[in-house]
Every structure is written in structure tokens, then in C-alpha cells.
Amino acid sequence: MLQGRAEEIRVIEALLAEARSGGSGVLVIKAAPGMGKSALLDHAAQAAGGAHVLRVAGVQMEAELPFAALHLLLRPVLDRLDTLPGPQAAALRGAFGLAEVTETDRFLVGLAALTLLSELAGERPLLCLIDDAQWLDHASASALLFAARRLRSEGIALVVAARDDHDAFPTAGLHELRLHGLVREEAERLLDDRLPAHLRERVLKEADGNPLALIELSRAACESELEFGGPLPLTKRLREAFAGRVHRLPEPTRTMLAVAAAEDTGDLGIVLAAAGTLGIPADALEPAELAGLVRVTSGLVRFHHPLLRSAAYQGPPSSQRRAIHRALAGSVSTDRRGWHLAVAATGPDEQIADALERSAERARARSGYAAMAAAYERAAQLSADQEHQARRLAAAAGAASEAGQPSRAAELSTSAEQLTDDPLTLARLAEVRAAAAFDEGSPQQAARILIQGAARIAEIAPQPAARMLVSASHNAWFAGATELSAEAARQLDRVALPPGNDLAGVTSGLALVLGGDLETGYPLVSDYLRQASPSSIEEQLTTAHPVFVAGRLDHALDLSTSLAARCRAEGRIRLLPFVLDQLAYSQLLTGRHRDARDNAADGLQIALDTGQAHHATGLRGILAWLAAVEGDEERCRAVAEDGVRFALTHSGRAVGLLATWALAMLDLTQGRDQAALDRLQARRRGSSHFSTRIVADEVEAAVRLGLPERVLEPLALFQRWTELSGEAWAGALAARCHALIHDSEEHFTRALDLHKLADQPYEQARTRLAYGEWLRRRRRKAEARPHLRHAQEAFERLDARPWADRAAGELRAAGEATLTRRRAAPGAQLTAQELQVLRLAATGATNRDIAAHLILSPRTVGQHLYKAFPKLGISSRTELARLDLDQL
């Protein structure tokens, strides 16, 4: 089967060599059935030398058991669970049914798997082989993909084989190797020597270079003197060839193979027990082993090829297959028993449906949401009562949404809605459809669905209705949909909430601010924030949006820092992209550019690993803005333009704001003032809150163009907002804007006084630069130089090269005889992740603690320290503790 695969073998052996040298890598082999994927995995296992080898194969089945494949892969090393951080160990034990567990973030299981594999690789290199990945249960696939995307320096080689269907196994961002058919010379070497000459050309043509087809079709032709008719799809031809091989076996053996095919784990004990129930002797498996169709190793029955399993299962009539599943139901665990009985059922059966429902709830506890959806969906099909069917379909839809399957969730919701008029069920379905609408690109549609759903239950279930309307408000703001925001607020105002709950007030305030009525709306938002004392993560998340709308940057920084720490400590990985977006944005606004870059990069990687496109776009916007300020035009454009396109195609004005602002900042630093002004003013249509933040850049571009009249309206709005907020940072920016427009030294000095009350080094440097330029133009060079020097030094500390160069040029024009450029900080060569690791290591945190915090493996943390210490001229954690890392 490795005929003609020299290049593929070279790639695999290079991956193994990388693992032996302490690196890690992932290779996904994709091809049609029979192209030699499994054979390449066999070669990898043989070439692994002294490395640990873990292997698992997905199995096509109707039931989806959560984390079944991951459990099989990690079963040989589960004795090491106690070496993991507590939350990770608990997550794996719960996922594998080894302990009772409450619901956890499903991505925490992936991090735990990464840590466990890293521990094993600490002894010697590790090779993980995943075959037939297209058939992995969804929970295992999600966990393994999460771990795969975060492999760095563990000494792990992960090789995955999957069919090349476009949706069979999502591998975006991983190295793919596609297998193609063999050339004629290589193909001829695989033909059976007994094949008659008159059939050779036919087999070569029909097989089209597929190695398994060449072997199986030529063997079938030899054994059956088969004359082939017209061309057939390859998988059908192979299935017919395999079916012929199975059909030639004795009847008891064929039944035994059908039992083994129906029992997806391949457990020999279960297969033999079920076969015994059917009156099949244990030695009936022997002819299939001798024929090379199956092999029995370590108590497991393994088919030579998945199509053999399919042929064995499809061979018996449907009545016999149902009998086989009933026999298996008596030999397996509780969850699997329900599934076998469900397959054997011929009509509605409430008893089996109840069993599947209980199985679904056990899957929920293990964060196996895809399995939960599958169990509820099958339970609905077996329901004898329409209301039960609707309720179970609704539960399936919710689980599919949690599993990150928005299309499936929407389809299940539609089916459920046709079966019920129960308002609570319909409201739950509305939440599912809204989540799907948001994920698929329409926050506006999501808001509309939630508002309609909440209206059905406002009187009978006020708390869920309020939750839906708050979510609708956020979606409307996200889309810039003023009318929907106002409608959500009006409905929430009519919901009977407990005394002290001011969600209606803040939602009304947000709607008014979005609509431009700042004087009425802002006080409502401000009052809510004065009274709010959120304790849970969910309450803090609800508070975060009003905090940013109110412009409370210090509060926003503290809140998002706390949220990020809690999410990391509690393993709430799915929330981290949103929280890190908020944190990085607050750091950007307060001039903590390096911290913003680190957190945005971290959040972006997690967003990509967890499939959160909207948050990925927002985080890209932050990185693009920082690249623009640093003068990296190529990086800025590459990142920002993706964000702008996403916002345009997904109706998300807010998510594209930063990307547009970044491109405008790039124009501003490069002297393209007209382009900058046009971008900012086109983008300004929409949320008044977001508009306020970009006014300072609009004003600068307009003044440099001699067009101050174009920014008088947005500046007036910004002034209103500033006076209502009382925030010093906003007052400083507003004063700078007035100074530029009115050519006023008084406003410049007021801006500098206000900057002293708000720690924003970047904005303060911008003000000093503008004031220094103003002074120099009036020939007050001696007064200008201190401001320009301060600005240049601040910009250099922030790595804002275009701005530093502009300040340096002004200094020269102001008569500065020599310029002493700031020496690069000792940590200038550190990567973002190295700096994060160092800061945590300096607190005394262990590598394992740091790994859990940053969602890495402990070995990758160690590698970061190994690379970072020489860059700082140190060699130990003791020396690290003496450094002032804030100055790096």
C-alpha cells in the first residue's frame, strides 16, 4: 500500500525528526477511501523508533458517544491524571465518565489532553495517530483539534488521516497532505499476478490509481472471474468487492462480523457476548481472521478497512441487524444500551426515548453537547407524543448550538417549532435561532428573533424574557440597529422584574445613547454602573458593555482584567476571546500598547481555535490598529482588510470599527489625510458612543486639510458626551480638538492639565506633539522643544515609530542640535508570549501554573523561558525576580 508514496513518507519522517528534537508538529493526511492513509499511519508507527505511540481510529456509527475516541486514545496514560492541574484533571475525569462532574467548558478538555500528552512527551518523543478522523465523535474531534492547534515545543508528532470530503474533518490552519492516485507504473505493481491480461487495462482504468481499488478489484476479478460493466463510483465498486469477500465466508462468521461491525468500540468481550445471545459460537470469528478481513489484538476486533465494516454490517437483512442491536443492548453500558435499542426500534417507543433522554443529560454533564444533540434528536424520533417530540427537538437544538453547530441548531429549531405552541419552548428555540443568526453573520436578525421570542413569555416567565431582551439589546448595538435597540428597551420596561433590578433602566439608556439622545440616556447608564455590584462571571459580562459605553476606562480595565483572570482560573476558555478583546481594547485606549498586543494575539489564537469568527475579527482590528501606530503598513493592511470585509458581509458595524480605524490611522501616519478623513467619516455613521472615540483623529485630519467645518458636528457630539461623562481622558481629547480647530493655546494647556488626571501616555504624547508643532510654527522654539522631546521619548517607548519620527523632525526644525534616541529595552527582542510567560514566572508561578493560565503545555512554557532568559542576560528565575518587567 506504500507503493509510490516516497514523498509522503519523507514528510512523515521529517515530522518525527522534529519531535525527536523537541519540537511539535501536526500533519493531516486527506484522501478518498483506499488511497493509503492507514498504511502511512502504519509506517509512521513503525518509524517511530523509541517514541511513545498512541493510536485511535474513528468508527462510523449512528450513536455519538461524547469523548469516546479521546478516551480510547488516552486510556494507556490515564494513570497520569493526577499530574494535571486540578480543573483539567476534573474535566478529563468527567468527560470520560470516571467521576461526577458539573458542566465545564468543553475546550478545557482539549487543554487537559494537551497537558497530558505533554507530560508523556517529557519522557521521550510522542507519536499520536488518528485514523478515520471524519468519524470521530464531535467532542473528541473538537478537543483534539484544540490541542493540535496549540502544539509548540512538546516533542509531539500528531498525524491525522481523514477522508477528503470538504466537511469531513475541519483542519483550517493545520498542515494538510493530500494523496493522489498512483501513476501507471506504480499502479501496475499492485495488481494481482493472477489477473488475466484482458482485465488488467479494465482494472487500471476503473481503479484510477487508487491503491486499495487496484488490490481489491484485481483480487475480486481473479477469484470470481469478474467481468466489469460500466464505470461506477469508486466507493460503490470497493463496497461490492468487499461484500464479495464477506459473502464467501460461512453464515455464522458473517453474522459474527455483523455483530463486530455494529459494536463500534470493537470490544471482543461485548462482541462474543452478543454473538452468544444469537447462538453464534466464539470460534466463528476465525475464518474472517484467516481471510485477513479482521484482526484481534489487545481484546479488540479491528477490521482491515472501514469498507469491510460497512460491507459486513449491510450484508444481513434489516430484521437481522435489529436482532443484533438488541443482543448488543444486553451487553453494553447504560448509554450505549439506549442507542442499540434505538437502532433496533421499528416505531415510537417512549421507554427507549426516555433512556436516550437520560443519556443526553449525562452527555451534558460531560460537556458532550454534540452527543447530547444526537441523543435528544433520536429520542424525539421515537417519541409517541407530539409535545414530547417538540420538547426533545428543542433540547437537541440547544445542545447543537452549544456544540458550535449553528446550522444544525437552526434546522432542529425549525422542526420543533412546527410541533408546538408552548410559549416557553418557543422562547428557548428563539434563543437558539438567534445564536445561529449571530454566528452566521446577522446580529440584527438575532436581535429581532430575541425580541419576538421574549414577547411570547414576558408575562409568564419574566426572568428568561429579560435575559433575552438584554441579549437583543447587545445584538442591536452590535449591528447599529437603533430601532431594534429601542424596541428591546420598551419591552423590557414592561417586564415585571424584582425590586432593585435595573436592567430596564440601563437597557433604555443604551438605546437612547445609540439613538443620539445622550442627555437622557447617559445618566441612566451611569446610574446603573453606580449601583451595580456584579459577582458572577455572567453578571460581570453584562456590566462590561455599559462600562465601555460610559467611557469608564479605568473601570473597564479593572473589570476586564478581573474577568480574564477568572475565566482562566475556572477554565472558561470559550469566553476568553470576548474577554481578552475587552481587555486588549481597554489597554489600547489607556496607552498600554504592548499589553494590548499580547492579549489581542492570545485572544485571536483562542478565537481561531474555538471557531469564534466575530471575536477573531474584533481582535484583528486591535492588532491592525497597533500595527498602524507602529508604522507596519503591510501587517496593518493584511489584518485590517479581512476585518472590514467580514463586517460588511456579516452586518456587524461595531466589529469592523477598529479595522476601519486602523486603516485610517495608517493613512494619518503616512500623510494621507484625505483618505483618513473619508474613512473615519464614512465609518462614523452609527453608534454615537463609538463615534466619540475617533473624533480626535477626524479633527486632526480635517485641520491638516484646511477643512475644519467637516468635523464640527461630530466634535459637538463628542463635547456633549464628554460633559456628561466627566471623564478626564475625554476632556483632554476634546480640549486638543478645540485647540487644533480654534488655534487656541488655552485649549492646549487645558488638555495637558487633564492628561495629568488620566494615565494615557500615547494620547498625552499626541497632545504634546500637536502643541509643540503649534509653538514652533509661532517661532517659540525654546518652548516647543520640551514638549516635542517628551513626545518623541513617549512614542519611542510605545514603539510608535511614525509618530516618533514626526516628533524628531519637529525637534530638528525647532533647533535641537543632537537627538539621543532611546536605546532599545532589554526585552525588545522578546516575543509577546515570552513576555507573558516571564511576567507570570516572576510571580513564582510554576511552569504548570503558567501553562494552565496561558492555555499552553508546560513544555512550551519551559521552552519560552529557555529562549527568553538569554535575551535578558539572565540564567535563572532568581535573577528574573529582580528585573522590572514593566520596563521591558
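**Exercise 1. Work out what share of the chain is buried.**

Solution. Start with the cut-off: a residue is buried when its relative accessible area is under 20% (1.4 Å probe, protein chains only). Buried residues then make up 57% of the 888 residues. Before going on, note that this is a predicted model, where local features need pLDDT of at least 70, side-chain atom pairs count only at pLDDT 80 or more, and totals for chains, interfaces and linings use all residues. Residues are numbered from 1 along each chain as its sequence is written, and side-chain values use heavy atoms, leaving out hydrogens and water.

**Exercise 2. Describe how helix 4 meets helix 5.**

Solution. First, find the elements: helices are DSSP runs of H or I with at least four residues, numbered from the N terminus. Next, the axes of helix 4 (residues 86–95) and helix 5 (residues 106–121), lines fitted to C-alpha atoms over the stretch in contact, come within 8 Å and cross at roughly 110 degrees. That makes the two helices roughly perpendicular, a label for angles of 65 to 115 degrees. Finally, look at the contact (heavy atoms within 4.5 Å): among its residues are Pro87 and Leu92 of helix 4 and Leu108 and Thr115 of helix 5.

Note on methods:
Axes fitted to C-alpha atoms, helices over the stretch in contact; angles between N-to-C directions. Parallel < 35°, antiparallel > 145°, perpendicular 65-115°, else oblique. Buried < 20%, exposed > 50% of the residue type's maximum accessible area, 1.4 Å probe, protein only.
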